[in-house]
Amino acid sequence: MATIKRKSFDKMITPTGGKAKWCKINSQVDEYEGKRRYTVTVTFEDKAKEKKLKDFLDDLIAKTKEDSEFAGCKKWRSENDRCGYTTSDEREVQFRFQTGAFIIDRDTGEEKRVYVPVLNAKTKEMVPHDTKIGNGSEIRIQFTPTVYWMNAESNGINLYINRIVVDNLIEYQGESDFSDFDIEVAKDMDDMEVPI
């Protein structure tokens, strides 16, 4: 069985002005490849703040590659692959944060759901767990960057969420009523006219 090498660094806080995208925190769980996590992607309109966070993550990986704990880890994934961020076709840098949504209770062996502490900066109150943080909400994330190396194909950095401060909450209101698509949803299939 392969040994996974990990190195966690001090907690950090993202710069102000980060915009949430695809936020699945507390009210929703991201289920992908059998893993149940809370996830959120953050982007910045301020390119200086974006560059500062990107450079910080790049430096962490570069320093870790030189660390004696990772001496046997010769081959790493190229450039910014799995380094905590991706760059979209629009040249927008997207930072991806995550943390586990469930833990195993050591005493009972039962699986228990955990929640990320989320504070509303305007009200100075905790955001209820059932609140859906919508795209465009301004957030700051306290996170723990952790560099890992399992093999030449599986290595990089994970950005683990500790807590979130919401500076400007835009609540996700639910399913679309299709009005944006200029179509009307019929209650009965017989009522629908389908153009051929």
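A nonpolar core is a set of buried Ala, Val, Leu, Ile, Met, Phe, Trp, Tyr and Cys residues joined through side-chain atoms within 4.5 Å, where buried means under 20% relative accessible area, exposed over 50%, and partly exposed in between (1.4 Å probe, protein chains only). This is a predicted model in which local features need pLDDT of at least 70 and side-chain atom pairs count only at pLDDT 80 or more, while totals for chains, interfaces and linings use all residues. Residues are numbered from 1 along each chain as its sequence is written, and side-chain values use heavy atoms, with hydrogens and water left out.

**View 1. The protein chain, its elements and its confidence.** Welcome to the overview. Of its 196 residues, 35% count as buried. Mean pLDDT (the predictor's confidence in each residue, from 0 to 100) is 86, with 85% of residues at 70 or more. Over residues 176–183 the pLDDT is below 50, and this stretch has four contacts in the model beyond near neighbours in sequence (a contact means heavy atoms within 4.5 Å). Where pLDDT is low, the predicted coordinates should not be read in detail.

**View 2. The largest nonpolar core.** This core has 35 residues, and Ile25, Val40, Phe97, Ile141 and Ile164 have the most contacts inside it. At least two of its residues come from each of strand 3, strand 5, helix 1 (47–66), strand 7, strand 12 and strand 13. Leaving out residues up to four places away in sequence, Ile25 touches Tyr38, Thr39, Val40, Val116, Val118, Thr131, Ile161 and Ile164.

View 3. On a 1 Å grid over the protein atoms alone, a cavity is a set of points where a 1.4 Å probe fits but cannot get out, and a pocket is an open set with protein on both sides within 12 Å along at least five of seven lines; lining residues have an atom within 4 Å of a point. Asn26 sits in the loop between strand 3 and strand 4 and has a positive phi of about 65° although it is not a glycine. With 5% relative accessibility, Asn26 counts as buried.

**View 4. The largest pocket.** Here the volume is about 970 Å³. Among the 32 lining residues, Arg37, Arg96, Gln98, Tyr148 and Asn158 are the closest to the centre. By class, the lining has 12 nonpolar, 11 polar and nine charged residues (Ala, Val, Leu, Ile, Met, Phe, Trp, Tyr, Cys and Pro count as nonpolar, Asp, Glu, Lys and Arg as charged, and the others, Gly among them, as polar).

**View 5. The second largest pocket.** About 280 Å³ of space lies in this pocket. Its lining has 16 residues, with Trp22, Cys23, Gln28, Ile133 and Asn135 nearest the centre. Strand 3 (18–24) and strand 5 each supply at least two lining residues.

Technical notes: Points joined across faces, edges and corners; volume = space filled by probe spheres on them. Helix = DSSP H or I, 4+ residues; strand = E, 2+ residues; numbered from the N terminus.
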